Structure formats: C-alpha cells, structure tokens
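Please take a careful look at the sequence and the 3D structure shown below, and then read the notes that follow, which are grouped by topic.

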Amino acid sequence: MKKLTFLLATVCCYLQAYSQQIEYAEPINDPESCTSIMVGKKASADGSVITSHTCDGNYRTWMNIVPAKTYDCDTVTGIYDGLMHTEFTGDQTNVKLNGTIPQVRSTYQFLNTAYPCLNEKQLAIGETTITGRKELVSRKGMFMIEELQRIVLERCTTARQAIALIGELVKIYGYADSGECLTFADSKEVWHFEIFGEGPNNIGGVWTAVRIPDDHVGVSANIPRISSINIKDKENYMASDNVFDVARNLGHWDGKEPFCFWKAYGGGEKAFNIREFFILNYLAPSLHLSYDAAELPFTVKPEKPVSVTDVAALLRQTYEGTQWDMTQNLKVAIKQKDSEAYDTIISPAANPWMVMDMVHMLNGVKENTVERYRLVSVPQCSYSFVVQLRDWLPDAIGGVTWMSFDNPGQSPHIPIFTGTTGLPASFNICGQHRYREDATI
C-alpha cells in the first residue's frame, strides 16, 4: 500500500509539473544528441591521435566485429536504413533497403557499433548530429550517415580517404540524413567534417572538413562549428565542389560578405553551446573564453597534454562545482508546519544526472526558475567511447576503443583493440528493447 501511495503521489507531481510554466536559463538541445572530442598527436600525452563519441539517445547497444572479406567481381552491397534501432545482430525488424552500390573486391574488418567506429587500419570515427536548416533535408538520397561510416570503414585506411569517399558516394547516390558531424581520425591526424543535404529536390549533399592542428583539440556537440574555409589550402581543408553554390542559390549567402559555413547551413545565432564552451575553456583556461561571446575559437591549444583518461573524464562532465552546475538552483518549495509560508531548499534528491521529467516533478510543488544546462554526461546515453590511435605500434594493437555502456558518468571502459576478432555473445544483444539476462546492457 505504501508503494502504491508513493507511486500515485509521484504521478500527481508529474501532472502538476507539466501544467506549470517552467523557465530555463538557456534553450536545451535535443536530448538525443552526442558529443565528440578530438585531440591531435602533439596535444596528447603520449603522441596518440584521439577521437570520441557519446551516443546519446535510444540507439542499439549491440555490437560485433565484422571480419574482412573478399568478393567476386560485379558484386553489390546493400545500403540500409533502420539498423540503429534493432535488438540483436541480424535483426531485420523495420530495416529498409534503400538501394545497392558496387562492392569492392576486399573490405577491412571493423567494429560495428550503431555508428560504426573503428577498422583494422586504425581509422576511427566519432559522430554528433548537428542542427541545420530544415529546407536542406532531402529524403531522395540513398545514404544515412551511419551507412556512410560503415562503407568508409570497410574501404579506407586514412581520414582523408574516408572524407573523399563520402564526397563521391553522396554526389552519386545522395544523402538522406539531417545535419551531421563526423570526427575522422587515423594514427597521424584528426579531422572535423560537417555535412548537410542540398534541399528536398536534390539527392546530393554539401559538406566541408577542417583538419585539427596537431597541437590542438576540437569538440563537436550538436551544432555546426566550421566557420571560414580555404579550399586552396588542401592540406587543412576539404569541401564539396558545390559548397558555395548551394548557399548562394538558397539565398543564405550573398556572395559578397565573407563566407561562413555554419551561418550558411546551420542557420543558428552562434557556433557553440555550453558543452563546446565548457570543454574548450577547461582545456585552455588562460584564454578566458566567454560563454556570451559571438564565436569561440574553432580549436584550442591545451595548456597541458591531454590523455585518454582526460577525454573520458570530460565525457563524464556534469559541471558539478562550477557556476553551470544545474543543481545549484534546483530548489523545491516545502510548506512550513502550521503555516501558509514556504521554505525553498535545495532538494536532497537533486543530482546532475536527473532527466527532465525529474526536474519537472521536483518543481511541481511550486513554480520555480530552473537553471538547466545540457550536460556532457547524460542518463539517456546508449554507449560512449574514446578511441586511441598510435602510429608507433602495429595496427592490431595500435588502435583501441575504450568502450563504455550507458551513462558515461557511472560506467567503466572496456578496451577493444583493432586486432580483436570477436566479442562475447552478450555483446550481440541490445537490452534496451526489453529485459534480457543475455544482453550486456
């Protein structure tokens, strides 16, 4: 009976909370969003190149090692949509075949996560979905972003090759996804790549990529960040051949003012949010970056060498103990005994990991202003990883994915090397669909 009473009281609090007007310190990004941190080899503690990814949202957690294969001539491979929400390896529920493309004679082994992330040649990919103009999206293309990642991991050995191949595939077969950022890394360098569609009547895409300087770090957290580009500098920039024309034709660039990629295609007011600001400011505090600035540096030179554990710690960030700690103003009004007055106190239940429903519930007693910032570490994370790439070691052990399931804030990391040829059977099952004792999570 006590449990039932508590449950009913909780539901009432939810209903009351949803009926109230809650104000926020800033707009909150889509909670199903990701964060990726990149580290150049001269910025890292041991000479590694690093990329990373938090897969925030209800995505599949099953993963497997897809072996290298050889194929006969005139073979094709299918391009699919819907694999990211399947329950187990081989599950075809709600999976759609978008088309086929010619298969190559041989492919590389790769780690097949929801967003495929690492192949046997130490080519790695992080991902974040980024905001963009809605009129750029076209559903006529063949490729979603995760299938582009799979294809380049099967076929490429370097970040530059992967970016160039995506450009070719999108131009021929089309891009059907929303705005995306991929953070490509190999054992030599790391690149920040952003892509959008060309509009509802076109199948192609528009994209650009910027090389992270070897002694710098970069971050992507669901917002376009690339500003000016210099396509003549082929060492540090890559772009689709329509990168200027699409913006001009859609009326998002007049061809006179300096071209800015994030303004033309993102359409937002600035090129960073709290996560980019916090991470860059944390790594280069002497720059005294301001959250109120119109724009932040695209990359920064860290003041101390950055290790894999440093990146993992940043992916666990909840801003606790800083001015952006979302619990510092999360208050609940408690009615005083034998009085009509209220005491406003910090809720003992308040914590950095609570979901939005809990914030509503705790504020359901009385209307409050809640300072709510999107955290790096969130409870709706399906999995996360930090990939470390080392050119002084053989490929089989030079690359390692430090994999973590669920919320990065409470989860350990499991090393999966590039030479790993198989995973435990429980890794083949996603436990998010229903309760399963045979699933890793």
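Tyr-173 belongs to helix α3, which covers residues 159-173; helices here are DSSP runs of H or I with at least four residues, strands are runs of E with at least two, and both are numbered from the N terminus. This is a predicted model, in which local features need pLDDT of at least 70 and side-chain atom pairs count only at pLDDT 80 or more, while totals for chains, interfaces and linings use all residues. Residues are numbered from 1 along each chain as its sequence is written, and side-chain values use heavy atoms, with hydrogens and water left out.

**Tyr-173 and its surroundings**

- Tyr-173 has a relative accessible area of 22% and is therefore classed as partly exposed, given that buried means under 20%, exposed means over 50% and partly exposed lies in between, with a 1.4 Å probe and protein chains only.
- Not counting residues up to four places away in sequence, Tyr-173 touches Thr-100, Ile-101, Pro-102, Gly-141, Met-142, Phe-143 and Ile-203, where a contact means heavy atoms within 4.5 Å.
- Tyr-173 and Gly-99 are 74 residues apart in sequence, and their C-alpha atoms are 9.0 Å apart in space.

**The protein as a whole**

- The secondary structure comes to nine helices and 22 strands, and buried residues make up 53% of the 441 residues in the protein.
- Among contacts between residues at least 6 apart in sequence, 70% join residues that are at least 24 apart.

- Helix α2, residues 145-155, is mostly covered, with eleven of its eleven residues buried; among them are Glu-146, Arg-150 and Leu-153.
- Strand β21, residues 399-405, is also mostly covered, since six of its seven residues are buried.
- Strand β20, residues 381-389, runs antiparallel to β21 and is joined to it by seven bridges, where two strands count as paired if DSSP finds at least two bridges between them; Leu-389 stands opposite Gly-399 in β21.
- β21 and β22 also pair in the antiparallel sense, over four bridges, and the bridge partner of Met-403 in β22 is Ile-414.

**Two buried residues in strands**

- Asn-112 is found in strand β9 and counts as buried because its relative accessibility is 12%.
- The side chains of Asn-112 and Arg-60 are joined by a polar contact of 3.2 Å, a term for a pair of N or O atoms within 3.5 Å, of which, within protein, one must be able to donate a hydrogen and the other to accept it, and for which residues adjacent in sequence count only if both atoms are side-chain atoms.
- Gly-126 lies in strand β11, residues 124-129, and counts as buried because its relative accessibility is 0%.
- Leaving aside neighbours within four places in sequence, Gly-126 is in contact with several residues, including Ser-36, His-53, Cys-181 and Phe-385.

**Cavities**

- The count comes to two cavities of 30 Å³ or more; on a 1 Å grid over the protein atoms alone, a cavity is a set of points where a 1.4 Å probe fits but cannot get out, and lining residues have an atom within 4 Å of a point.
- The largest cavity has a volume of about 70 Å³, where grid points are joined across faces, edges and corners and a volume is the space filled by probe spheres set on the points.
- The elements that give two or more residues to the lining of the largest cavity are β9 (110-112), β10 (118-119) and β22 (414-417).
- The second largest cavity has a volume of about 30 Å³, and its lining residues include Thr-131, Trp-262 and Lys-270.

**Two loop residues with positive phi**

- Most residues other than glycine have a negative phi.
- Asp-74 has a positive phi near 60 degrees; Asp-74 lies in the loop between β5 (69-70) and β6 (76-81) and is exposed, with a relative accessible area of 82%.
- Asn-94 is not a glycine either, yet has a positive phi of about 60 degrees; Asn-94 lies in the loop between β6 and β7 (96-102) and is exposed, with a relative accessible area of 71%.

Technical notes: 1 Å grid on protein atoms, 1.4 Å probe; cavity = no way out; pocket = protein on both sides within 12 Å on 5 of 7 lines; lining within 4 Å.
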